[in-house]
Structures are given as C-alpha cells and as structure tokens.
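Thanks, everyone. I will take the metal site, then the sheet, then a few backbone details. Please have the sequence and the model open.

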Amino acid sequence: ESLDARGLYVLPGAIDVHVHFREPGFTHKETWETGTASAAMGGVTTVFEMPNTKPPTGTLPALQLKLQAAKKAYVDFGIYGLLAEDNIDQLEALIDGGVAAFKCFMGNTFGNLPSPPTGAMLEGFEIIAQHGYRISLHAETASIMARREKKLKEAGRHDPLAHLAARPPVVAVEAVSRAAVLAEWTGARIHILHVSSADELRPLRDAKLRGVDITAETAPHYLLFDEKAYSDHGSVIRVNPPVRELHHQEALWRALADRTIDMIATDHAPHSAAEKHADDIWCADCGFSGVETQMPLMLTQVANGRLSIQDYVRLTSTAPAQAFGLYPLKGALLPGSDADIVVVDLARQDVVRSERLQSIGSTTPFEATPVTGLPVHTLVRGRFVMKDRTLVTESRGHGRSVRRIQNMPPASPRNVEHTIAAVTRSVPAKSG
Ligand code: NCD
Ligand code: ZN
Ligand code: ZN
C-alpha cells in the first residue's frame, strides 16, 4: 500500500504508559477492543494497561485472563502487574508470565485496592529491582486522604471542590518522597504517575539528583485545566489526583521544559456517563477517557507555540520508550525500529466530541474543545490500524505484548546488595 503524506508530518506513534481498559470486570466502562480502538484513532501505537480490573492483575491466573482479553488489541501493549501487600509471593510468577512493569497503589482510587504498608513496598521493590522492571506509583498517601475526606463529609461538603480539598499537595508529596527513598535503598526503577502539583517537583528533582532511577509523567488535564474546571465541569472533572489551581498548571509546564517531568501519559480512566454525573461529588467515579484525545489536544499546544513538535515527540514517544525499555525498537524513527508510525496533519481543525470517541465510557471534560492537529493514519509494526481517520477493523487482534522486545537489565546491583546484605547479614555466634 502506498501513502500520500504530502503536507503531513510522520512521527513515531505515541506510547501511553497509563491506561485503564477495564477488562476483565468492568466491561460496561471499556474493553480491550474499544480501548485499543480509541488508541489507534488517537495515534497511540503502544499502551501500558493498569491492574485495577476484576480480578486485579496480581496473580498469574489473573494475568492470563488479561492476556486473553488483550487478544483483541489493535495496538501493542504492556501489561502492568500489581504490587500489593498480599501478592509479594506472586511477583516472580507475574514476571515469568509476561508483565512489562508493575503498579503500586499508595492511595485509594477506582477499584479500592488497599495500599501496601511501607514494609511490604520495600520487599516488593527489592524483588522487582533484581529483574529491572519499572514500578509505577499512584503516589497519594491513603491515610492522609481518608482523614480529610471524613472531616469534609462531617462538615457537610458534597460539592465538586470538596474533592480538591480532600487531596492537598502534601498527600502526593509525602508519597513521592517515600517511594523515592525506597527506590534509593533498593535500586528499584520507579515512575511517578499523574504528577499534578508544583510541590511534587521538589522531591522528584531531589531524587533525580541523588541518582535514583525515577521518571515522572503528567497528563493533558493537569496541563490544560485549573480550578475553574470545578464550576465549569462539576463532577465530570473529578479525577485522582485532582486538577489544581493555575500556579500548579504553570509549574507543570515548566517541569516539562526542564525535564523534571519526563513524559505525558493520559491516565485513560473511562466510566459510564451515569457514573460520572452525580449531584454528590463523593458518588461520582474518578477519571475519564483520554487515550484518543491526547494527541489532538497536545498538537493544539504545538500549533499555539507552547510546545515544539520535537518536545512533543520526546514527551509522548521517545521518553516512555526509553524508561520502559522499548528503545530504540519503539519510540523513534531509526533504522532497526518498529514501524510504529503516526501521520499527523498539524493544520487540521476539529472539535472533541465524546460521542465520536471509540471508548465506551467516553465522557470527557474536553467535550466541545476545538483542536488544531489530528492524527490521520496510524500504523503498528507497518500495518494500518487507522487510515484516513477511519478505524481499520481488519487489524483487530494485530496488537502484541511488548514484553518480547523489552530490555530491562537488573537495576543498580550496588544498592540491591546493600539492602539484601543488611537483611541477611549473619550475626557472628558468641564463642566461649
Ligand atoms: C483511575 C481509574 O478510574 O482507574 N482513576 C483516576 O481518577 N485517575 C485510577 C487512577 O489512576 O488513580
Ligand atoms: Zn492513579
Ligand atoms: Zn490511572
């Protein structure tokens, strides 16, 4: 097949390391078929999918169920294994079974997976560090939020802004700092998901300076919304962590420029319209669809001159490929790379319409947002999955696990030996 790309840009496909496809367990919100169709339409050629499904991806049988569901994928994928208190003895089996990274929930969010105590996290980090896989963290401290939320409810707060009040920046700062210390002491590679505040940037920078292998992402909603979103969008904007005041948004843009934040992911978190719309903010599900809107929204920032096309490619493709061991096979247009390609029209205008998204739970606070810049064709390993803005349904099932090409050598052995030696050092027996 030939392709006329006159006037268009040829970019490496986006790699979104933070999506929730809900299957198995919550298929009224999303499925692997619809989630990856959304990715294909959005110019995203690889996704990393989160473990808060039913069952959670914390055991080998659960992983096998997920791999079965993923057989309908249009695009390539990595599967996150869960790191929790009750599955430390399953981590090696999950690695053998083919997970591409791990996810640890330090705070409550959809699925209500309990956050592991620090001791269990440390043990999990030690085990995973020996295999090199990156551990992505939902870095919000559960116990701080639980107390805040209880007080707000007692005070009768049920409005959208109460969600922001329950999760002040310290909730994330405490969790990022603690995760970075555990990574430092174990040599584990970590990734901070959905950075939402100016305040998290200091522990992030400090950890990078100390030599911790730590990467971070933010998402389009933190870059494009501020606190006005609570009056504009009500419960639809409810997301963990919350969208914050304008000065946080501005700090996140600066952190992209100075590389404190390494990449943009979407936290694609679809829910049904009924689950997103609630009079009582505490009853609305958190998160919204995002994998299909990232590229148009962020290319619009390229069109506005806020982001260069080179930085856009680094933030959405090269940096995630490097952090998760897919470089240079994905995330670059270099000899030897996969032909994971998106052809974009930087001048094409459109308007975000939830009803036109492939996602099932397609409710989005970006509804009716005008955009400039659209993916026109998406190719995964040389094959069209989207052509002329149309999903190529024959490519359903073309997606493969990226684990087969991943290269994640064991993390810094110096640090790993340090902690393991401290734990196993034999106490000399007393003589005489
Ligand atoms: C996510 C979900 O719905 O699975 N929700 C969210 O608000 N971001 C979970 C998460 O990433 O915390
Ligand atoms: Zn999260
Ligand atoms: Zn998420």
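Start with the zinc ion, ligand 2. This is a predicted model, and in it the protein donors of that ion are ND1 of His138 and NE2 of His194, which lie 2.0 to 2.1 Å from the zinc. Where do these two histidines sit along the chain? His138 is in strand β6, residues 135–138, and His194 is in the loop between β7 (190–192) and α8 (201–209), so the pair ties together parts that are 56 residues apart in sequence.

Buried or exposed, then, for His138? His138 is buried, at a relative accessible area of 2%. His194 is also at 2% relative accessibility and counts as buried.

On geometry, the zinc ion (ligand 2) has four donor atoms, and the angles among them run from 53 to 139 degrees. Four donors count as tetrahedral only if all angles lie between 85 and 135 degrees, and the site of this zinc is classed as irregular. For reference, the ideal angle for four tetrahedral donors is 109.5 degrees. The zinc ion (ligand 2) also has the zinc ion (ligand 3) at a distance of 3.7 Å.

Next, the sheet. Five strands make up an open sheet, in the order β1-β10-β11-β12-β13, with antiparallel pairing. At the edges are β1 (9–12) and β13 (390–391), each of which pairs on one side only. Within the sheet, β11, residues 370–380, and β12, residues 383–387, are joined antiparallel over three bridges. If you want one position to look at, Thr378 stands opposite Met386 in β12.

Now the backbone. As background, most peptide bonds are trans, and most residues other than glycine have a negative phi. Which peptide bonds are cis here? One of them runs from Lys54 to Pro55, with omega near 0 degrees; Pro55 is in the loop between β3 (44–49) and α2 (60–69). Another runs from Asn240 to Pro241, with omega near -15 degrees. Pro241 belongs to the loop between α10 (229–233) and α11 (246–257).

As for positive phi, Arg259 is not a glycine but has a phi of about 70 degrees. Arg259 is in the loop that runs between α11 and β9 (263–264). Asp267, again not a glycine, has a positive phi of about 50 degrees and is placed in the loop between β9 and α12 (273–276). Asp267 counts as buried, with 7% relative accessibility.

That is the list.

How values were computed. Residues numbered from 1 in each chain as written. Chains lettered and ligands numbered in written order. Predicted model: local features only at pLDDT ≥ 70, side-chain atom pairs only at ≥ 80, totals over all residues. Heavy atoms only, no water. Donors = N, O, S within 2.8 Å, 3.2 Å for Na, K, Ca; no water. Tetrahedral: all angles 85-135°; square planar, octahedral: opposite > 155°, others 65-115°. Helix = DSSP H or I, 4+ residues; strand = E, 2+ residues; numbered from the N terminus. Buried < 20%, exposed > 50% of the residue type's maximum accessible area, 1.4 Å probe, protein only. Pairing = 2+ DSSP bridges.
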